[in-house]
Amino acid sequence: MRLLFLAVLRRHTGNAVTAQRVRDHLEAAGHVCILKDAFDFESPSEISNFIKAENLEAAVALHLYRGGRLLQGNGIPFGIIFGGTDLNEDVNQGDKNKVMGKVLEEARFAVAFTESMKETAQRQWPHAKDKIYVQSQEINQSADNLHVFLLICGLRQVKDPLYLVDAFSEWHQEEPNIYMVIVGPEVDPVFTREVKAKVKRTPGVRLIREMAQEDLHAVMKNCFALVNSSVSEGMSAAILEAMDLEVPVLARNIPGNSAVVKHEVTGLLFSDPQEFVQLAKRLVSDPALEKTIVANGREYVRKYHSWQEERQTYRQLVRTLERSPED
């Protein structure tokens, strides 16, 4: 089957990595999967022309609003993968909520990364409750005294990379061997300038440009811990990757993170910058705690985020696009 896969494909972002991985699953099942950036199309009519030109038979969109709205009314069956901001932010905007509900009426299936995301979608759009499936993201990679805390995120406000900077800098001034390194693509140019200016005048904090996934994994393996300070997450691929690489995780206590990180079991959850510093200091000084959460995190990823299971899920769901809804 010839499939269109719509996603927001900013380089080295979580959505781009997820889209490329799911495409690999579908192509391994024998489908032709054309991956396109949703931002390349302004309207459903442009998508319709593309579908006809490429002789496409079905579609999948990553992000209910950004991708899904473009597939409405195009006459081919499609499925949806929730992205995170669609359920955490767009859902609170009346017009977008209404559009997303209409998209779900047409969609054959919708994939949520966690039970919490599924419950949110079912509350908002009860009519779609029977077509929402849970499939966690997969991880499949082979991937002294200085303690580097690595924060990986796109430079935009929802990822809140500056949330911990002041508290961390105060800690660095007490212990100069402690550093925070922020890595990520420049998604929002205005906010990126704010981040650069802040980091430039803040001791103990560094900013590094985006890098290829293989290089990022190498950096991750050599850091002391991974930090996630996002205001909103669907499911952070960086957290799962860190767990798989046996790197301890400290994450902001929001639903998308707490669905993956169990406090003091698979990682540490903080609610404010002061608690982050307290927990980070504890992690530095308590090798037994570090060893425990690293071992539990790796076991959790292998048990619940199997790439084989993810591949099988998407293969089965895409088969529903090959037959009529009545079958």
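This is a predicted model: local features need pLDDT of at least 70, side-chain atom pairs count only at pLDDT 80 or more; totals for chains, interfaces and linings use all residues.

**Entry 1: alanine 238.** I looked up where alanine 238 sits and found it in helix H9. Is alanine 238 buried or exposed? Its relative accessible area is 14%, and the cut-off for buried is under 20%, so I noted alanine 238 as buried. Leaving out residues up to four places away in sequence, alanine 238 touches Ile152, Met220 and Leu226. I also checked leucine 216: it is 22 residues from alanine 238 in sequence, and their C-alpha atoms are 9.8 Å apart.

**Entry 2: H8 and H9.** Next I asked at what angle helix H8 and helix H9 cross. For H8 (residues 213-221) and H9 (residues 237-244) I read roughly 55°, with the axes coming within 10 Å. That makes H8 oblique to H9. I wrote the crossing down as right-handed. On the H8 side, Gln213, His217 and Met220 make the contact; on the H9 side, I found Ala238, Glu241 and Ala242.

**Entry 3: the cores.** I then turned to the largest nonpolar core, which has 77 residues. Leu4, Phe5, Ile81, Phe82, Trp125 and Leu226 touch the most other members. This core lies between domain 1 (2-134) and domain 2 (147-310), because both give residues to it. A second, separate core has 30 residues, including Val195, Val205, Val227 and Phe270.

**Entry 4: leucine 4.** Last, I looked up leucine 4. Setting aside neighbours within four places in sequence, its contacts include Ile34, Ile47, Phe50, Val60 and Leu71, as well as Lys36.

Definitions and conventions
Residues are numbered from 1 along each chain as its sequence is written. Side-chain values use heavy atoms; hydrogens and water are left out. A nonpolar core is a set of buried Ala, Val, Leu, Ile, Met, Phe, Trp, Tyr and Cys residues joined through side-chain atoms within 4.5 Å. Buried means under 20% relative accessible area, exposed over 50%, partly exposed in between (1.4 Å probe, protein chains only). Domain bounds come from an automatic or database domain assignment. Contact means heavy atoms within 4.5 Å. Axes are lines fitted to C-alpha atoms, for helices over the stretch in contact, and angles run from 0 to 180 degrees between N-to-C directions. Helices (H or I, at least four residues) and strands (E, at least two) are DSSP runs, numbered from the N terminus. Angles under 35 degrees count as roughly parallel, over 145 as roughly antiparallel, 65 to 115 as roughly perpendicular and the rest as oblique. A crossing is left-handed if the near helix is turned anticlockwise from the far one by less than a right angle, and right-handed if clockwise.
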